[in-house]
Amino acid sequence: MKNRKSRKADELLKRLAEATPNDAVKLLFMGGEELSLLDGLDLSLLSEIKRNPNGAVELKFVDRLAVLRELLQLQRAESGENNGENSFYAALDRAAQLLGAEEKDG
């Protein structure tokens, strides 16, 4: 059973993988009178906002490919698939068992 922390991380990764940057773009064009709408915007993909002295605005977003990779890795771990480290140790364990069986036979 997954613990609460890993479930929350899994839910967050899924939400980031499915999110769209539309609300972040809306934020660029909002005027001062529309700031009350700020609470309703989904800005989960937004990682950084910069405003230059000349008025230019730069938005940086979460790397969705990295999010998808992490989500895939979590799903593989949950389903019991071995990643590179686990398969190495599993292979080492099998080799030790084979060697042990040969010593008993021989």
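What pLDDT does the protein average, and what share of the residues score at least 70?

1. The protein averages a pLDDT of 79, and 80% of the residues score at least 70; pLDDT is the predictor's confidence in each residue, from 0 to 100. This is a predicted model, in which local features need pLDDT of at least 70 and side-chain atom pairs count only at pLDDT 80 or more, while totals for chains, interfaces and linings use all residues. Residues are numbered from 1 along each chain as its sequence is written, and side-chain values use heavy atoms, without hydrogens and water.

2. Confidence is lowest in helix H4 (residues 84–105), with a mean of 69, and highest in strand E2 (residues 57–61), at 91. Helices (H or I, at least four residues) and strands (E, at least two) are DSSP runs, numbered from the N terminus.

3. Strand E1 (residues 46–51) runs antiparallel to E2, joined by five bridges; strands pair if DSSP finds at least two bridges between them. Glu48 has Lys60 in E2 as its bridge partner. The two strands form a hairpin with five residues between them, and Gly55 in the turn has a positive phi of about 100 degrees.

4. The N-terminal end of helix H3 is capped by Asp63, with a side-chain oxygen 3.2 Å from the backbone nitrogen of Leu65.

5. Ser44 lies in the loop between helix H2 (22–29) and E1. Ser44 is buried, at a relative accessible area of 17% (buried means under 20%, exposed over 50%, partly exposed in between, with a 1.4 Å probe and protein chains only). Leaving aside neighbours within four places in sequence, Ser44 is in contact (heavy atoms within 4.5 Å) with Arg15, Leu16, Ala19 and Val62.

Conventions:
A polar contact is a pair of N or O atoms within 3.5 Å; within protein, one must be able to donate a hydrogen and the other to accept it, and residues adjacent in sequence count only if both atoms are side-chain atoms.
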